[in-house]
Amino acid sequence: MTAQFDVLVFGATSFVGQILCRYLTERTAQGAVLNWAMAGRSRAKLESVRQSLGASAASIPLLVADVADGEALKDLVSRTRVVSSTVGPYALHGEPLVRACVELGVDYCDLTGEVQWIRRMIERYEAEAIRSGARIVHCCGFDSIPSDLGVHYLQQQSLQSFGEPCDRISMRVRAMRGGFSGGTAASLLNVAREVSAHPALRKELANPYSLCQLGVAASGLAPVRQSSTSLFARDSATGGWISPFIMAAINTRIVHRSNALSAGRYSRAFRYDEAVSTGRGLRGCLTAVGAGVGLSLFMLASAFGPTRAALQRFVLPAPGEGPSPEAQAKGFFDLRFFGRTASGRLVRVKVTGDRDPGYGSTAKMLGEAAMCLAFEVPRETVAGGFWTPATVFGDRLVTRLQAHAGLSFERQE
């Protein structure tokens, strides 16, 4: 049966979903050939979003289904080649859609950064996805495309220059400006709730190989101790000071899964870490201390029910809220990757984005990932299963992101 649509945006009325729909509308207006539709559980809200996109969006089809209605969901999924989901927290709302895509052999991508949920989906559905041919790709936004493709790009540069990959890479956030939405806040707090209810989950989340489902032995990897920044530290990569990067918990797991899926192509004893660069000298030290302590206090408050409720009520944005379009346009990110080969050769790469990383830029990344999956990843070369951005897209998405989404990948001398 031929699919009616190339891409279906499920969760089109969510905060990021609306930004994604605007981006796809702009891309088609600029000449991109894309037959796409918007989906959600409320027709009235879908119509409101479509109207906000302007006259050029008037003919975009609207499809209605609730994630709790399995049959309606399967009917919706059967009509498209790729489902692009923005429905979070995914641990609460995401599984029915993944299950429907897996059962029907339909490709899927999303924005989740919820490690524990990704692991559950792989455990429950990977074998069936391999049989049905569904390609499931999590983490197609700021977490974790810049990290995963940044490492991929650096390794390509290393192989071209030195004939060997880097066995150790550090990513440093040099600069970043962005806001926080209610959806992201809800996902973070839900992870904290799960850890509180299931203490054993804390150990799983601390495991850098938690998404290497085949096991480090079966995938050709050697389990090695990974670096992490718990509060603040001096940085061997830059010579300055660093503080923890909140997205490292998901990004590092995705990068290690990419290495596992490629049977240790980076290195069988690959090391990868992420942190925020705060600069040199006393000012850099004080900034690192402040950032590290602040993040630790936030995570501590998230761990307990009463303080978690207070954060949700008085501090964090409500669902549907987020940075304004003007704030998104003023946002950006600048990431630096430092790689070292086994023979001691050094490779440096810069990855930048021209919008608010979690929203304006994330929506563009997800849109290009969905189109790349629909048009540029043949099933003959990438079969069904749970993939990472680097292993399913690779250079194809790097090219797309640089051409259309305001990202740049550059070798630094």
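Modeller: Let's start at Asp 107, which is buried, with a relative accessible area of 3%. "Buried" here means under 20% relative accessible area, while exposed is over 50% and partly exposed is in between, using a 1.4 Å probe and protein chains only. Keep in mind that this is a predicted model, where local features need pLDDT of at least 70 and side-chain atom pairs count only at pLDDT 80 or more, though totals for chains, interfaces and linings use all residues. Residues are numbered from 1 along each chain as its sequence is written, and side-chain values use heavy atoms, with hydrogens and water left out.

So who does Asp 107 pair up with? Asp 107 makes a salt bridge with Arg 135, with 2.9 Å between the closest N and O atoms. A salt bridge is a side-chain nitrogen of Lys or Arg within 4 Å of a carboxyl oxygen of Asp or Glu. This pair links distant parts of the chain: Asp 107 sits in strand E5 (residues 107–110) and Arg 135 in strand E6 (residues 135–137), 28 residues apart. Strands (E, at least two residues) and helices (H or I, at least four) are DSSP runs, numbered from the N terminus. Both Asp 107 and Arg 135 are buried.

Asp 107 also forms a salt bridge with Arg 379, where the closest N and O atoms are 3.1 Å apart. Arg 379 is in the loop between H14 and strand E13 (385–387), so this pair ties strand E5 to a part that is 272 residues away in sequence. Arg 379 is partly exposed, at 41% relative accessible area. As for the general idea, side chains of opposite charge can pair when their charged atoms come close.

Salt bridges connect Arg 27, Glu 368, Glu 376 and Arg 400 in a network.

How about cysteines? The model has 0 disulfides, a disulfide being a pair of cysteine sulfur atoms within 2.5 Å. The sulfur of Cys 140 is 5.0 Å from the closest cysteine sulfur, in Cys 109, so the two are too far apart for a bond. Cys 109 is buried, at 0% relative accessible area, and Cys 140 counts as buried at 0% as well.

Last stop: rings. There are 8 aromatic pairs. Phe 142 and Phe 245 form one that is edge-to-face, with 6.4 Å centre to centre and 80° between the planes. Rings of Phe, Tyr and Trp (its six-membered ring) pair if their centres lie within 6.5 Å; planes under 30 degrees apart count as stacked, over 60 as edge-to-face and the rest as tilted. Phe 142 is buried at 6% relative accessibility, and Phe 245 is buried at 7%. Ring pairs also bring Phe 333 into a cluster with Phe 142 and Phe 245.
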